[in-house]
Structure formats: structure tokens, C-alpha cells
Amino acid sequence: ELPKGWVETNLTDICSIVYGKGLPIKRMTETGFTVFGANGVIGKYSTYNYETTQTLISCRGANSGEMNMSPPKSFITNNSLILEIPDIFLELKKNYHLFLI
């Protein structure tokens with residue numbers, strides 16, 4: 001039984017799960033926006049693909065399956081799965097805990 005105020009749901013019922021974009025290391029730059037790989041920041045790039053902080057699941061290497069949060073204005077590579085959570089659920093999060101199965 002879930003604690004009071006919790007809601008049980010499937011992850012795919014509340015968000016889309018998408019891969020980041022490929023970015024070869026040779027295209028990274030000395031300055032610019034944060035590049036987020038499988039387990040954290042791996043460099044800089046001239047543009048970003050997500051303006052706001054994103055919830056991520058690593059999908060490469062020894063840390064595959066671990067959760068991360070990207071910094072705002074990051075280029076998120078295809079070494080992470082991005083949980084694109086609609087604003088409505090971010091608002092609900094203020095009042096409810098979600099138990100994901």
C-alpha cells in the first residue's frame with residue numbers, strides 16, 4: 001500500500017522517453033554550453049538542445065540505468081535517455097509523490 005498522497009503509475013504514462021543527440025568529441029569546443037554525456041558533464045558545445053534542466057537515465061557504460069539531472073541550457077548526448085515530463089506533471093509534483101513502476 002502506498003503512503004497517503006502517493007500515486008502509482010507507469011513512467012511512460014507521464015512522460016516521453018527519448019535519446020539525446022549524437023555529438024562527436026571532435027565537434028566539441030573550448031567554450032559554450034555544457035555537454036552532458038552518460039554520467040555527467042563531458043565538454044562544451046556552441047549550442048544546446050534543452051533549455052531547462054532535464055531528468056536523465058544513463059544508457060551507456062558501467063553506470064547504465066543511473067539517474068541524473070542535466071544543468072539548464074545543456075546539449076544532452078545520445079548516451080542518456082531523456083524523460084520529457086510535461087509541465088502538468090511538474091506542477092503535480094509539488095503536491096504529490098509519484099511511485100513509478
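**Reading the chain, a sheet and a residue**

Modeller: From the N terminus on, the elements run β-α-β-β-β-β-β-β-β-α-β. The chain thus written is a predicted model.

Colleague: How many helices and strands does the chain have?

Modeller: There are two helices and nine strands.

Colleague: How do strands of a sheet pair, and what order do the three strands of the open sheet have?

Modeller: In general, strands of a sheet pair through backbone hydrogen bonds, in either a parallel or an antiparallel manner. Here, the open sheet of three strands has the order 4-3-7, and its pairing is mixed. Strand 4 (41-45) and strand 7 (74-76) stand at the edges with a single partner strand each, so one side of each has no neighbour in the sheet. On average, neighbouring strands of this sheet are turned by 30° against each other, direction ignored.

Colleague: How many bridges join strand 3 to strand 7?

Modeller: Three bridges join strand 3 (residues 33-36) to strand 7, and the two run parallel. Valine 35, for instance, has phenylalanine 75 in strand 7 as its bridge partner.

Colleague: Is serine 80 buried or exposed?

Modeller: A residue counts as buried when its relative accessible area is under 20%. Serine 80 has a relative accessible area of 0%, and is therefore buried. Serine 80 lies in strand 8 (residues 80-84).

Colleague: What does the side chain of serine 80 reach?

Modeller: The side chain of serine 80 reaches the backbone oxygen of glycine 37 at 2.8 Å. Beyond its neighbours within four places in sequence, serine 80 is in contact with residues including Val18, Tyr19, Phe36, Leu56 and Cys59.

Colleague: What share of the chain counts as buried?

Modeller: Of the 101 residues of the chain, 32% count as buried.

Notes: Residues are numbered from 1 along each chain as its sequence is written. This is a predicted model: local features need pLDDT of at least 70, side-chain atom pairs count only at pLDDT 80 or more; totals for chains, interfaces and linings use all residues. Side-chain values use heavy atoms; hydrogens and water are left out. Two strands pair if DSSP finds at least two bridges between them. Helices (H or I, at least four residues) and strands (E, at least two) are DSSP runs, numbered from the N terminus. Axes are lines fitted to C-alpha atoms, for helices over the stretch in contact, and angles run from 0 to 180 degrees between N-to-C directions. Buried means under 20% relative accessible area, exposed over 50%, partly exposed in between (1.4 Å probe, protein chains only). A polar contact is a pair of N or O atoms within 3.5 Å; within protein, one must be able to donate a hydrogen and the other to accept it, and residues adjacent in sequence count only if both atoms are side-chain atoms. Contact means heavy atoms within 4.5 Å.
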